[in-house]
Amino acid sequence: MQIHYKIVEFTLKAETEINLPDFKGSAFRGGFGNILRQITCVLKRQQCIDCPIKTKCIYAYVFETVSDTTANFLNMHKYEKVPHPFVFEPPLNKKKLYQPAEEFKFKIILIGKAIEYLPYFVVTIKELGKVGIGKAKGKFIISNISSSNLETISLNSVNLEQNFTKLSLNILTPIRIKYNRSLVNQLDFHVLIRSILRRISLLYYFHCKKEPLQVDVNSLIEKAEKVKILDDNTRWYDWERYSSRQDTRMKLGGVVGEITYEGDITPFIPFLKACEILHVGKGTSFGLGKYEIVNHQIKL
């Protein structure tokens, strides 16, 4: 069970003053979607869900991925939508204002089949620079592009001789997870694992293998419920973004900070490490749900 991905880093140079929000990924992703549709959509007045050629459309696949009847086993009625096959990772600093000639970097993680559409991402970002982003539509050019080799996330079990008994996560951008239809402000381990397993399963099916992930989800969740919070230094962080498609401001707060878990964490290591790259929760496409594993205790 493998998920392939590629990390592409763009170096952008401001041509006019650029004023970005707290989480820069929201400005990039919103503008990106509009430009990608202009470039690739044939029937621009047609909604993706009703479009007769949606299964062959690059925009529909990348930005409006639609579920299909073959995915019934995934209980898709429980989920609002299929996750995007990409993650925008903007700079994590709080710098908002960039002057002409000033450079900054951001990354795009392409997942599974989306890797073959890298040229479309490059062209779209280039065109986005001409249109502009943020307040007053600040313009930029691409001064450099670099990309990793094809990388692979293995979802196979870790070495069973290792027993992971404690693990800390540093949550860098807000994690937004719904459990029992409500956003959680305490990240219990089983709630985190449920969200991770859901995201990986959907990404694997829709963007990688078109087959279910061979994982005993119920058993894993049962084990996850036994893992406890040892130390919780997280907090709720509120922020907003403007959605041009919905013409409204959206509250997108989530959990940030550091949290430490204790218990039998061994079975979850492959999935935790996977979403260290793929992010977790809602809003991942514009950079939310990013965490790093900062330490772990191993009993040999």
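Author: Strand β1 (residues 2-14) pairs with strand β7 (residues 151-154) in the antiparallel sense, over four bridges. Strands here are DSSP runs of E with at least two residues, helices are runs of H or I with at least four, and both are numbered from the N terminus. Two strands pair if DSSP finds at least two bridges between them. Opposite Tyr5 stands Glu151 in β7.

This is a predicted model, in which local features need pLDDT of at least 70, side-chain atom pairs count only at pLDDT 80 or more, and totals for chains, interfaces and linings use all residues. Residues are numbered from 1 along each chain as its sequence is written, and side-chain values use heavy atoms, with hydrogens and water left out.

β1 also pairs with strand β5 (residues 103-111), antiparallel, over nine bridges. Phe10 has Phe106 in β5 as its bridge partner. Strand β6 (residues 140-147) is antiparallel to β1 as well, joined by seven bridges. There, Ala14 is bridged to Phe140 of β6. In a regular strand, side chains alternate between the two faces of the sheet.

Now the cysteines. The structure holds zero disulfides, a disulfide being a pair of cysteine sulfur atoms within 2.5 Å. Cys41 is in none; its nearest cysteine sulfur belongs to Cys57, 5.4 Å away. Cys41 is buried, at 10% relative accessible area. Cys208 is partly exposed, at 22%. Buried means under 20% relative accessible area, exposed over 50%, and partly exposed in between (1.4 Å probe, protein chains only).

The cavity comes next. The count is one cavity of 30 Å³ or more. The largest cavity holds about 70 Å³ of space. It has 11 lining residues, and the closest to its centre are Cys41, Leu43, Cys48, Cys51 and Cys57. A cavity is a set of points on a 1 Å grid over the protein atoms alone where a 1.4 Å probe fits but cannot get out; lining residues have an atom within 4 Å of a point. Points are joined across faces, edges and corners, and the volume is the space filled by probe spheres set on them.

Last, a histidine. His84 sits in the loop between α2 (58-63) and β3 (86-89). His84 is buried, with a relative accessible area of 14%. Its side chain reaches the backbone oxygen of Val62 at 3.3 Å. A polar atom of that His84 side chain also lies 3.5 Å from the backbone oxygen of Phe63. Such a polar contact is a pair of N or O atoms within 3.5 Å; within protein, one must be able to donate a hydrogen and the other to accept it, and residues adjacent in sequence count only if both atoms are side-chain atoms.

Key
1 Å grid on protein atoms, 1.4 Å probe; cavity = no way out; pocket = protein on both sides within 12 Å on 5 of 7 lines; lining within 4 Å.
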